[in-house]
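User: I would like to go through this model and ask, for each label, what it rests on. Please set the values against the cut-offs as we go.

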Amino acid sequence: MPELPEVETVARSLAPQLLGRTIVGLAKLDWPRMLTPPLSEFATLVAGRRIEAVGRRAKWLLLTLDAGWTLAIHLRMSGHLLVAEPAAVDAPHVHFALDLDNGRRLIFDDQRKFGRVHLLDSTGLLALDAAHGPEPLADDFTPAILAERLRNRQAPIKALLLDQRLIAGLGNIYANEALWLAGIHPLTPGGALTLDQIAALYHAIRLVLAEAIANQGSSLRNYRDGYGRRGNYQEHFNVYDRVGKPCPRCQTAIERIVIAQRSTFFCPSCQGLVQ
């Protein structure tokens, strides 16, 4: 599933293609379950709306429209967005498309049909925002805030990092990489981390996310940016999906366990679990 760096990359690549464009209308929808509100209401509300900003909240892509509306799009497992010629809607996995005033279309290609498109008013946008924790790259996110959110938490730190209510945008790839960089075992209870460990984790999270964005995210399967380009951060993984390969720091073989039903990769030597 695309995480913060992938969604941020998509937003940045779509912005120059969409800013100032007007949505003429709905060009295609063949999977109604992906849409909120229902088709007839959505089509009426979105037609004629001007795209004023392209951004991100957590793993949601946000197109800010005029008249107080926001188009919130979640790519889920296999979705990607492109601005393309009209004929692109005939591709086999394009389930949603919007006509733009320059003759092009914003298309949502989603092989597995898990993606979601929600048209939100101001109340809906506030609810989406409230459902997520702080943005880890925001200026107001600090080690002290991270420490407060981990206080007295007994769940493994890896599981806590995946909780979108705790911190927004982190997923399996970057939680693994940040914990390795900070030298923290993924099974360590969140509330057991020392202040030094929390500071190390804070800096690791921000560094890993920034480096991933600089590399246009990680393309393991379907992920592409708004121009159809692959990311290349997967070429810089230290532990993710590297079972049996040497740790870049100490050469110990990387191991895999399962935490919160997700594959978790770590170095048993330099991420030792403190009993």
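Analyst: To begin with the surface of this predicted model, the chain exposes about 12,200 Å², of which carbon and sulfur atoms supply 51%.

User: How do you know whether the radius of gyration agrees with that of a compact globule?

Analyst: A compact globule of 275 residues would have a radius of gyration near 19 Å, and because the chain has 20 Å, the value agrees with that expectation. Along the principal axes, the C-alpha atoms fill a box of roughly 60 × 35 × 30 Å, and the chain holds 7 helices and 11 strands.

User: Which share of the contacts with a separation of 6 or more joins residues 24 or more positions apart?

Analyst: Such pairs account for 64% of those contacts, and buried residues make up 49% of the 275 residues in the chain.

User: Why is Q234 called buried?

Analyst: The label buried requires under 20% relative accessible area, and Q234 has 19% relative accessibility, so Q234 counts as buried. Q234 lies in the loop between helix 7 (195–214) and strand 10 (255–259).

User: What makes the pair of Q234 and S219 a polar contact?

Analyst: A polar atom of the side chain of Q234 lies 2.9 Å from the backbone nitrogen of S219, and the cut-off for a pair of N or O atoms is within 3.5 Å, one able to donate a hydrogen and the other to accept it. Leaving aside residues up to four places away in sequence, Q234 touches G217, S218, S219 and L220.

Terms used:
Residues are numbered from 1 along each chain as its sequence is written. This is a predicted model: local features need pLDDT of at least 70, side-chain atom pairs count only at pLDDT 80 or more; totals for chains, interfaces and linings use all residues. Side-chain values use heavy atoms; hydrogens and water are left out. Helices (H or I, at least four residues) and strands (E, at least two) are DSSP runs, numbered from the N terminus. The radius of gyration is taken over C-alpha atoms; the globule rule is 2.2 Å times the number of residues to the power 0.38. Buried means under 20% relative accessible area, exposed over 50%, partly exposed in between (1.4 Å probe, protein chains only). Contact means heavy atoms within 4.5 Å. Accessible areas come from the Shrake-Rupley method with a 1.4 Å probe; for residues, only the protein chains shown count as cover.
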